[in-house]
Amino acid sequence: MPAQPEGDPAPEDGALPAGAVARASERTLSLYVHVPFCAVRCGYCDFNTYTMEQLGDGVSRDDYHRDAAAEVRFARSVLDAAGAPPRALHSVFFGGGTPTLLPARELANMLGQARQSFGLAPDAEVTVEANPDSVTAETFDVLAEAGVTRVSFGMQSAVPHVLRVLERTHTPANVPRAVGWAKERGLGTSVDLIYGTPGESVADWRTSLEAALEMDSDHVSAYSLIIEDGTKL
Ligand SMILES: C[S@@+](CC[C@H](N)C(=O)[O-])C[C@H]1O[C@@H](n2cnc3c(N)ncnc32)[C@H](O)[C@@H]1O
Ligand code: SF4
């Protein structure tokens with residue numbers, strides 16, 4: 001597993017540095033919920049995420065949504081204690097890891113807690129990151145109903161041998177199918193691509209770009225492959 005960077009320990013009482021609450025009323029407030037679980041760790045990735053194998057016996061994902069909801073309530077109490085004025089959330093982002101490894105109802109519960117604790121601005125953007133093979137059409141029924149507005153898919157490539165080097169579990173066909181399900185339910189969509197994978201030709205990259213454009217998603221993010229320290233790749 002990649003080495004995690006060292007940081008300062010979080011204060012027990014969640015106290016925020018003065019600079020973080022200064023002029024809070026003039027700034028928008030957003031919420032990021034990290035979901036640190038993946039089916040497989042891709043060989044290039046150093047995000048803070050764990051497979052069930054890495055977590056070991058006795059650890060389950062089942063309580064995560066309740067624990068994260070408790071953290072949302074805690075964040076609200078910390079802001080209140082710091083005298084930051086209550087503000088509705090401008091955006092909410094469920095990132096990973098693979099948020100869609102959790103049942104969609106659990107993502108909806110966490111969003112419900114965010115709404116209850118902070119409120120959502122009328123035009124709030126609510127995004128869920130998804131792996132293309134970790135969703136069904138019903139996933140998006142639940143997410144759309146809960147108030148999610150946008151899904152960001154980890155496409156990476158449309159070329160099988162490139163996906164293999166990246167150790168992705170999905171096939172090229174999974175991506176347009178999943179994007180289509182999300183669009184049919186009125187959700188905004190975005191796809192992530194990676195270029196510069198060992199063995200990827202310019203023609204392969206063109207194939208991936210054309211496949212991404214073909215889906216007519218609202219946004220495409222193209223990342224150069226970064227070989228992160230401590231990763232398998
Ligand atoms: C944290 S991942 C979450 C998305 C989702 N788990 C997935 O992979 O489908 C967000 C995006 O970061 C990008 N990414 C992660 N590690 C990277 C690396 N080492 N180099 C380039 N892009 C990377 C990938 O494009 C990935 O879709
Ligand atoms: S699925 Fe996404 S978050 Fe998980 S290891 Fe792969 S790139 Fe990283």
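# Reading a predicted model: cavity, ligand shell and ring pair

Tutor: Helix 3 (residues 64–81) gives the largest share of the lining of the largest cavity, three residues. Helices (H or I, at least four residues) and strands (E, at least two) are DSSP runs, numbered from the N terminus. This is a predicted model, in which local features need pLDDT of at least 70, side-chain atom pairs count only at pLDDT 80 or more, and totals for chains, interfaces and linings use all residues. Residues are numbered from 1 along each chain as its sequence is written, chains are lettered from A and ligands numbered from 1 in the order in which they are written, and side-chain values use heavy atoms, with hydrogens and water left out.

Student: What is a cavity, and what is a pocket?

Tutor: On a 1 Å grid over the protein atoms alone, a cavity is a set of points where a 1.4 Å probe fits but cannot get out; a pocket is an open set with protein on both sides within 12 Å along at least five of seven lines. Lining residues have an atom within 4 Å of a point.

Student: How many cavities of 30 Å³ or more does a search of the whole structure find?

Tutor: The search finds one. The largest cavity holds about 40 Å³ of space, where a volume is the space filled by probe spheres set on the points, and points are joined across faces, edges and corners. Among its lining residues are Leu-29, Arg-76, Leu-79, Asp-80 and Phe-118.

Student: Which residues are around ligand 2?

Tutor: A residue is near a molecule if one of its heavy atoms lies within 4 Å of it. The residues around ligand 2 include Cys-38, Cys-42, Cys-45, Asn-131 and Arg-168. The shell divides into five nonpolar, three polar and two charged residues. Here Ala, Val, Leu, Ile, Met, Phe, Trp, Tyr, Cys and Pro count as nonpolar, Asp, Glu, Lys and Arg as charged, and the others, Gly among them, as polar.

Student: How many aromatic pairs does the structure hold?

Tutor: Rings of Phe, Tyr and Trp (its six-membered ring) pair if their centres lie within 6.5 Å; planes under 30 degrees apart count as stacked, over 60 as edge-to-face and the rest as tilted. The structure holds four such pairs. The rings of Tyr-32 and Phe-93 have centres 6.0 Å apart and planes at 25°, so this pair is stacked. The pair links distant parts of the chain, with Tyr-32 in strand 1 (residues 29–35) and Phe-93 in strand 2 (residues 89–96), 61 residues apart.
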